[in-house]
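Trainee: I'm new to this one, so please walk me through it slowly, one topic at a time.

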Amino acid sequence: MEEQRTKEVIMFELCQVGENTYYINYPVKVGVYRANENEVYLIDSGNDKNAGRRIMKKVLDENKWKLKGIINTHSNADHIGGNAYLQQQTGCKIFTSGLEAAFTNYPVLEPSFLYGGYPFKEFRDKFLLAQPSNAVDIGDPDFPNELEIIPLPGHFFDMIGIRTPDDVVFLGDCVSSRAVLERYQICFIYDIAEYLDTLDKVETMEAAVFVPSHTEAVEDIRGLVSINREKVYTVSSRILSLLRTPMSFETLLKHLFTGFNIAMTYDQYALIGSTVRSYLAWLKDTEKISASFEENVLVWKTKKTDSKCSMKY
């Protein structure tokens with residue numbers, strides 16, 4: 001038990017990465033920007049009410065900081081889970097971008113979108129369904145104008161990054177570590193084409209420090225961009241190879257789970273299933289695969305070419 005408590009303390013460490021910029025070392029990194037001596041803004045809020053409580057007690061109260069606002073990079077439940085508790089306790093404003101505001105205000109949209117209909121109870125857990133909070137668009141006049149907004153679409157609808165005056169860039173879920181990619185194999189992406197464009201954009205960025213949500217902070221982001229791009233093409237190539245034999249979505253999903261040695265759970269079915277549909281849309285739009293209805297089943301298949309199907313890096 002003592003070892004577990006020590007591990008949790010280390011995970012919740014407040015790490016300073018600039019004169020006024022910090023992050024909380026948690027499963028989902030939470031950024032902290034100190035606007036002045038007493039007021040701070042959070043960049044995301046953790047994965048649940050308990051994360052909100054810990055932020056309140058271990059970061060805000062201990063440092064005598066007032067929470068002025070929360071800026072959500074995007075509306076996935078693990079990034080907005082602490083919103084409701086912190087807003088109730090402090091009355092802070094919550095800022096986010098475009099469609100992310102709708103999903104933050106009405107979080108049932110996330111499991112509904114992932115499942116493709118009304119989500120049954122296994123999809124309505126804290127991993128996919130956060131508590132509602134009152135979010136406004138980043139165009140609101142109270143948004144701190146010293147923070148630079150960086151559009152990072154692809155992983156989710158209107159995800160953003162934030163650059164602080166200390167030249168620290170928070171990247172949301174733009175990139176994952178090699179360990180995460182190897183563990184999950186098919187990481188959630190909403191729009192493959194936009195995600196690849198975002199990776200190209202991030203690869204050319206410079207900053208004092210980059211803080212991705214699910215891996216260590218780095219000074220050079222290019223290595224992480226490269227392995228995330230490589231994983232997209234690995235998954236794409238696997239799908240193209242499998243679809244040389246025409247098959248339905250469910251059959252394809254089974255082969256992908258088996259081939260990548262992924263355990264099927266409700267959450268994984270929702271997240272990976274949605275992502276595979278996004279790959280199929282991208283591959284069809286780029287005319288690498290086709291779809292047709294056969295005996296009232298939507299069947300996908302790789303288009304015949306003169307050479308073996310491959311993806312260009």
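This is a predicted model: local features need pLDDT of at least 70, side-chain atom pairs count only at pLDDT 80 or more; totals for chains, interfaces and linings use all residues.

Trainee: OK, and what is phi of D167 near?

Mentor: Phi of D167 is near 65°, which is a positive value in a residue other than glycine. D167 is also partly exposed, because its relative accessible area is 30%, and that term lies between buried, under 20%, and exposed, over 50% (1.4 Å probe, protein chains only).

Trainee: How many bridges join strand 9 to strand 10?

Mentor: Two bridges join strand 9 (residues 160-163) to strand 10 (residues 168-170), and the two run antiparallel; two strands are said to pair if DSSP finds at least two bridges between them. Within this pair, the bridge partner of I162 is F170 in strand 10.

Trainee: And which order do the strands of that four-stranded sheet have?

Mentor: The order is 8-9-10-11, in an open sheet with mixed pairing. Strand 8 (148-151) and strand 11 (209-211) stand at the edges with a single partner strand each, so one side of each is left without a neighbour in the sheet. Neighbouring strands of this sheet are turned by 20° against each other on average, direction ignored.

Trainee: Changing topic: what is the strand order in the sheet of three strands?

Mentor: That open sheet has the order 12-14-13, with antiparallel pairing. Its edge strands, each pairing on one side only, are strand 12 (247-248) and strand 13 (289-294). Strand 13 pairs with strand 14 (residues 297-302) in the antiparallel sense over six bridges, and A291 stands opposite W300 in strand 14.

Trainee: Which helix packs on the sheet there?

Mentor: Helix 11 (residues 266-285) packs on the sheet and touches strand 13 and strand 14, contact meaning heavy atoms within 4.5 Å. The direction of helix 11 makes about 110° with that of strand 13; axes are lines fitted to C-alpha atoms, for helices over the stretch in contact, and angles run from 0 to 180 degrees between N-to-C directions.

Trainee: What about N296, is it buried or exposed?

Mentor: N296 is exposed, with a relative accessible area of 80%. N296 is found in the loop between strand 13 and strand 14, and its phi is near 65°, a positive value in a residue other than glycine.

Trainee: Now helices: at roughly what angle do the axes of helix 8 and helix 9 cross?

Mentor: The axes of helix 8 (residues 192-203) and helix 9 (residues 222-242) cross at roughly 160° and come within 9 Å. Helix 8 and helix 9 are therefore roughly antiparallel to each other, given that angles under 35 degrees count as roughly parallel, over 145 as roughly antiparallel, 65 to 115 as roughly perpendicular and the rest as oblique.

Trainee: Which residues make that contact?

Mentor: Among them are I192, Y195 and L196 of helix 8, and R222, V225 and N228 of helix 9. By class, the contact has eight nonpolar, one polar and four charged residues; Ala, Val, Leu, Ile, Met, Phe, Trp, Tyr, Cys and Pro count as nonpolar, Asp, Glu, Lys and Arg as charged, and the others, Gly among them, as polar.

Trainee: How far apart are the axes of helix 9 and helix 10?

Mentor: The axes of helix 9 and helix 10 are 11 Å apart, and the helices pack at an angle of about 125°; helix 9 and helix 10 are therefore oblique to each other. R238, I239 and L242 in helix 9 meet L252, H255, L256 and G259 in helix 10, and by class this contact has four nonpolar, two polar and one charged residues.

Trainee: Last one: what is the relative accessible area of G259?

Mentor: G259 has a relative accessible area of 47%, so G259 is partly exposed. Its place is in helix 10 (residues 249-259), and the C-alpha atoms of G259 and F12, 247 residues apart along the chain, are separated by 36 Å.

Note on methods
Residues are numbered from 1 along each chain as its sequence is written. Side-chain values use heavy atoms; hydrogens and water are left out.
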